[in-house]
Amino acid sequence: METRELRYFVAVAEELHFGRAAQRLTMAQPPLSRAIQQLERRLGVVLLHRGSRAITLTEAGSVLLREARLALEAVEAAERRTRRAAADRLGLVLAAKAGASSELLSKLLDAYAAEPGAVAVEVVLGGPGEPERLLRNGSADVALLHRPYDSTAGFDTEDLHTEQQVVVLPAGHPLSNRPHMSMAEVNALTDLPLPRWPRPDGSYPDGPGPQVRDHTQLTQLIRLGRACAVMPESLRAQLRDDHAIVPVPDAPPVTTVIAWPPHSRSRTIADLVRTAMRHWSIASATETLS
């Protein structure tokens with residue numbers, strides 16, 4: 001399959017209308033229809049159910065849409081990384097989630113800046129899922145990600161820090177003085193529903209919780225008594241006195257990892273990763289001794 005064919009198919013599969021897809025691709029409809037038919041013949045499968053009133057994806061079409069998106073993202077990422085490598089510039093772009101791992105990021109940047117041969121590091125802060133997206137599409141050289149919330153599939157990674165999670169409640173809530181809570185108890189808080197974060201395509205999952213896009217919005221909703229949230233324990237330092245923290249022992253631990261493209265030959269990325277590993281090994285040993 002050619003990338004041109006994949007772009008054609010993705011446009012038709014997302015629009016579910018040949019006319020709109022052709023307009024989006026700035027081409028005529030007949031050659032677009034022929035291209036999709038040729039793709040189906042070559043694959044030996046039916047990708048689209050062509051009804052009199054609507055077009056729908058077959059199971060094979062749904063699979064190809066998912067795989068085509070990944071393939072096109074990989075091609076675009078390869079283009080970006082190639083151009084960046086040829087730009088003859090010294091520097092790295094590090095993507096991280098705004099509000100998360102702030103202390104870790106600050107210490108990492110300070111430690112790396114003190115290394116011989118350190119280059120300038122541009123930090124790009126984004127919302128949930130944004131650092132992973134920037135790393136996948138080649139806009140970032142390295143990223144701080146958080147398992148299990150971020151997917152690290154397809155990246156080379158090193159674990160930096162693992163921590164437990166807590167539930168954040170509005171101060172004065174009847175459960176705010178509990179020594180701990182379970183996830184079942186958190187999910188049962190109908191007066192404080194868990195927030196709904198956007199999917200990669202911008203849509204929100206169904207549920208009673210409020211739609212949120214960043215931690216500032218979330219913490220304000222918690223203060224107003226409209227939501228609660230399960231967060232890594234380290235985020236308690238960024239909360240105000242009008243929030244209450246209760247440990248949730250059975251919530252999955254959150255591991256901060258440093259991630260970069262697989263098979264990277266960049267010496268600057270390797271130096272940054274080594275600095276992160278060395279710094280965090282020292283920090284972990286200090287914590288153990290103390």
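1. Throughout this note, a residue is called buried when its relative accessible area is under 20%, exposed when that value is over 50%, and partly exposed in between, with a 1.4 Å probe and protein chains only. The structure is a predicted model, in which local features need pLDDT of at least 70 and side-chain atom pairs count only at pLDDT 80 or more, whereas totals for chains, interfaces and linings use all residues. Residues are numbered from 1 along each chain as its sequence is written, and side-chain values use heavy atoms, with hydrogens and water left out.

2. Salt bridges, meaning a side-chain nitrogen of Lys or Arg within 4 Å of a carboxyl oxygen of Asp or Glu, number 17 in a search of the whole structure. Arg-236 is partly exposed at 39% relative accessibility, and Glu-233 falls in the partly exposed class at 34%. Elsewhere, salt bridges that share partners join Glu-14, Glu-15, Arg-20, Arg-24 and Arg-69 into one network.

3. Within that group, Arg-69 and Glu-14 form a salt bridge whose closest N and O atoms are 3.0 Å apart. Because Arg-69 lies in helix H4 (residues 59-86) and Glu-14 in helix H1 (residues 3-15), the pair ties together parts that are 55 residues apart in sequence; helices here are DSSP runs of H or I with at least four residues, strands are runs of E with at least two, and both are numbered from the N terminus. Arg-69 is partly exposed at 38% relative accessibility, and Glu-14 is partly exposed at 35%.

4. A further salt bridge brings together the side chains of Arg-223 and Asp-242, at 3.5 Å from N to O. This pair links distant parts of the chain, 19 residues apart, with Arg-223 in helix H8 (residues 215-223) and Asp-242 in the loop between strand S8 (229-232) and strand S9 (243-247). Arg-223 has a relative accessible area of 28% and is partly exposed, and Asp-242 is likewise partly exposed, at 28%.

5. On a 1 Å grid over the protein atoms alone, a cavity is a set of points where a 1.4 Å probe fits but cannot get out, while a pocket is an open set with protein on both sides within 12 Å along at least five of seven lines, and lining residues have an atom within 4 Å of a point. The lining of the largest cavity includes Ala-100, His-146, Glu-163 and Pro-232, and by class it has three nonpolar, four polar and one charged residues.

6. The largest pocket holds about 1300 Å³ of space. Of its 41 lining residues, those closest to the centre are Pro-128, Gly-129, Tyr-149, Pro-198 and Pro-200. H4, helix H6 (130-136), H8 and S8 each supply at least two residues of this lining, and H4 gives the most, with six. The lining of the largest pocket divides into 19 nonpolar, eight polar and 14 charged residues.

Technical notes. Ala, Val, Leu, Ile, Met, Phe, Trp, Tyr, Cys and Pro count as nonpolar, Asp, Glu, Lys and Arg as charged, and the others, Gly among them, as polar. Grid points are joined across faces, edges and corners, and a volume is the space filled by probe spheres set on the points.
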